[in-house]
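Visitor: Hi, I have just opened this one and would like a slow walk through it. Could you take me around?
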Amino acid sequence: MMNEIKGASVVIVGGGVTGLSAGWWLARDGVDVLVLEKGLIGWEASGRNGGGCSHHHSPLFAEEQRLWPILDDMLGYPTEFRGERIRLASSEHQMALYGRALRNAERQGFQSEVLDVRQAKEMVPLAGDTIVGGYHYKFGGHANPHRTLQGYAWAMQDHGGRLLQHTTVTGFRSEGGRVTAVETDRGVIGCDSLVLAAGPQTGRLSALLGQEVPVQSARCEMIVTEPLPLMPLGGVDGCGLYGRQTLRGNLAYGGGPHEWLALAEQGTPAKPTTPLMLHMGKRLAELLPKAAHARIIRSWAGVIENTPDGRPVIDRLDSQANVVVATLSSVGFGLSPASGHAIRDLVVDGECGFADISSFKLSRFAALEPNWRELQGWQVTAAAEVLAA
Amino acid sequence: MNIPASDPKSVTGKPLTIDANVDVLVVGAGPAGLEAAIGAAARGFGVLLVDENPVPFKTMGDEVPLHFGQGMAASARNRNAMMEAFVASEPRIAEAFEAGIDVRLGTACWGLYANGPALGWMPGLVAGLADEERSFLIQARHVILACGRRDMGLGFPGWEKPGVTGATAALALATRYGALGPRKLVVLGSSTEALSTALALREAGASIAAVVEQAAEIVGDAALLASLREGGTEILTRHVVREAAGRDGVEAALLARLDEAGKPSAEERSLACDGIVLAVGTTPVIDLLDAAGGKVAFQPERGGYAPVLDANQRTNIANVHAVGDCAGIWAAKTRDRAIAEAEAACAVAALDAEAITVTASQPPAPEYDISAYRLAWVRASVVEARAEFHVCQCEEVTAREILEVRPPRYLDWQNERRNDRSLAALLGDGPPNPDQVKRLTRAGMGPCQGRRCREQVAALLALGAAQPLSAIPLAGYRAPTRPMPLSMTLSVPEAPEQAEHWDTWFGMHAQWRPFWEVPERYTVAGNDATGPVASE
């Protein structure tokens, strides 16, 4: 297969949701696009998240909300998207905290309802007496990350886009301030444009191009229970947890502390879980007391990158004119229909045509302290040598 | 120098609540685990020996930890009697008690945690344990895994009926508890392991109506076969089960002869029986090790995916050993417990030792090609089945749905207008990965945690890709390796500093600032973001 691929008009490094969505948007425009993935698509954070689609703080919010309800039709594959969310509060403090979503969304034309205890219990049959109220957001929702991921990839291929898994990028070739080819462990692949959407690897790879996107990796965890009868609305958060009841009925939830990591240069990072599972389980039993009998059947971890302010970078590099870098900074799944669209716009049109994404510019870090990781306390404790040979 | 405080929302500085510290934790009180525990205690180590058996009747009904297939007699409900039988059937358990070892039966180990490249938070080796009442964490300087074996599932129409059980499960019920319900059995498979199981079941009072083998020849020991034949067992080579017939449980096995092409022929017969024993393959129980990030590899001489060990039974995780069946299964080892005990002695000798003189014996070359053998069984029984059935019983996924990578039926997805996206399409993108197929079809995602279908799904993918089993990656195991009710998590208290700083996501103010309020420049010193941080 590799012998046949000499190049593509646009090469995208990273087969996560962001890269695949961008690949799909480009392919449906007839652009000759190739996605390179070091392992399997969606094997990192893209396939390991809560599936939420409700990011009212983001300039991509309106586009996110426009696309999700029509995404199954656009892709031709199921994403398991279901609209709307509920957030339960178990204290007045939480009630106040969660109100921000309502205000942010209202400003952008999306409605919510405040639920009293009785209404909240009606809408969330697994809830119990621990709650003081909640919000019903008439926007957002949740989808199945794995299925969505595969949907992007297949839809991209349906439009003529190509995907190369198990291919590690080792370097770049450039000429006159433009990247001309991507070096991989399976050969050199020419390109007219390059998109870096390599998750935690985006930092290291962008540094190779002379302009580093500052990111630090961390490990986060989730749990999932056996299936339970379906609630009317699966996207129920609260109690310090995010997550959803899947359409199969499982409760898939995450939250709690993360561990900052030093990322290995190459390869797929290990993703061990920890006993945090127990503390997520405890909160889930508090959030949904009528599910307390349900059994946890798996837990998992994902390795995910954050920029210093936790906000995305979607921008063109100054150092190489034909490169677009994209990291969604740990909040990428739900926004992926819109982030792919924005990347397509940057590649094809030079600017995003549907939203003001100036707050995603890399230049905001121009004055960033070089020791920002240390200053923010993002210390790494894991040592690679702990594992015996 | 002013050292900045660590991110309060990270795990740094959040201690785990550890119930006890021990020198050596041994998981599993079979021959290897007992030898390890007794040997370590004799060397002066403080030892905690846990074994999940006997599991409660309800747990057995959930196919944990083995494929019991509802083959339990009513007497298995009597927990005290089960406990007594369990202890009585293994004299060395009493020996361990007498040696002053902290032996806890009915206590499962559901998680093992070790620091590594992507985890630095653990105070050392940590294990999650649970009895019927509570979950708790213990810390151990050394862990010796002696988790035993599990049966490969093999489906056919009706295999979900009560009475279709794994060989290891049937053997435990019959020989340890005297609680195997079915009395007249058909055994599938003819390896030495399978034939020994059949003989042991016969010894325990069951009648073995037939040994069924898809291959043209018996693959196991001829003397064992002769003994079975003498006892009146029919030996049916080139046969498979077409269906487990019966209303509320197995009443007969419908058998068919395989034709020259290996396909079941119309030549069928019904054999009355109330149990069908799946003995086509056993596999080491590696769930704890794999979930902890330990190295495993497909090793046919060890029965399939097994830990990668050094000559002293060390895994690649420091201070974690694997001994007994979970370190590898081969016929001689099954017959002679001294081999497993020697592995345990070897691991014990290596505890805190620099120079080691003892080494365990290595497995001989496999007696038969287990990859080809298991694939042949799955082809004849599952792929060539005359009716669709659920290979994954929990999530009700058929072989066709796995091979076609169909979305689960509850989605009622009709709209595949563009392309036929089957396994063939995935294969175009690289070798098949059971975890990927699992995520798309849900096969293996249910409460039995893939114990009944993991090896079958791997075999289906191997057949679909025309690859040997060794080419199919292991579908990953995850903690908890035993299902755990949410309510059980309450028994492990959370550190107050963790509760205080718990956040839904990273707890970064700047991350959730609405885009219309984001400043043009970001520096750590200039970061003035405040307010709610919970991701909303």
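Guide: Gladly. The domain assignment of chain A gives domain 1 (2-50 + 146-215 + 309-369) and domain 2 (82-142 + 217-306), the bounds coming from an automatic or database domain assignment. This is a predicted model, in which local features need pLDDT of at least 70 and side-chain atom pairs count only at pLDDT 80 or more, while totals for chains, interfaces and linings use all residues. Residues are numbered from 1 along each chain as its sequence is written, and chains are lettered from A and ligands numbered from 1 in the order in which they are written.

Visitor: How far apart are the centres of domain 1 and domain 2 of chain A?
Guide: Taken over C-alpha atoms, the centres of these two domains of chain A lie 29 Å apart.

Visitor: And how many residues are in contact between them?
Guide: On the side of domain 1 of chain A there are 17 residues in contact with 16 residues of domain 2 of chain A, where contact means that the C-beta atoms of two residues, placed from the backbone, lie within 7 Å. The domain 1 side of that contact has four nonpolar, 10 polar and three charged residues. For these classes, Ala, Val, Leu, Ile, Met, Phe, Trp, Tyr, Cys and Pro count as nonpolar, Asp, Glu, Lys and Arg as charged, and the others, Gly among them, as polar.

Visitor: What about sheets in chain A?
Guide: One open sheet of chain A has four strands in the order β4-β5-β3-β11, with mixed pairing. Its edge strands, each pairing on one side only, are β4 (112-115) and β11 (236-238) of chain A, and the twist averages 30° from one strand to the next. Strands (E, at least two residues) and helices (H or I, at least four) are DSSP runs numbered from the N terminus, and two strands pair if DSSP finds at least two bridges between them.

Visitor: Which way do β3 and β5 of chain A run?
Guide: Strand β3 (residues 82-89) and strand β5 (residues 133-142) of chain A run antiparallel and are joined by seven bridges; A:Ala89, for example, has A:Gly133 in β5(A) as its bridge partner.

Visitor: Which helix lies across those strands?
Guide: That is helix α3 (residues 92-107) of chain A, which lies across β3, β4, β5 and β11 of chain A and runs at about 40° to β5(A). The angle is taken between N-to-C directions on a scale from 0 to 180 degrees, with axes as lines fitted to C-alpha atoms, for helices over the stretch in contact.

Visitor: Which residues of that helix are buried?
Guide: In α3(A) the buried residues are A:Gln94, A:Tyr98, A:Ala101, A:Leu102, A:Asn104 and A:Ala105, and what covers them includes β3, β4, β5 and β11 of chain A. A residue is buried if 20 or more other C-beta atoms lie within 10 Å of its own, exposed if 12 or fewer, and partly exposed in between, with C-beta atoms placed from the backbone. Just after α3(A), A:Gly109 takes a positive phi of about 90°.

Visitor: Changing topic, how do the two chains meet?
Guide: Here 84 residues of chain B are in contact with 89 residues of chain A. On the chain B side, α14(B) gives the most, with three residues, and by class that side has 44 nonpolar, 24 polar and 16 charged residues. There is also strand pairing between the chains, as strand β15 (residues 295-306) of chain A and β22(B) pair in the antiparallel sense over two bridges, with A:Arg295 opposite B:Pro485 in β22(B).

Visitor: Is B:Arg442 buried or exposed?
Guide: B:Arg442 counts as buried because 25 other C-beta atoms lie within 10 Å. Its phi is near 80°, a positive value in a residue other than glycine, and B:Arg442 sits in the loop between α14 and α15 of chain B. In chain A, A:His166 has a positive phi near 55°, and A:His166 is partly exposed, with 14 other C-beta atoms within 10 Å.
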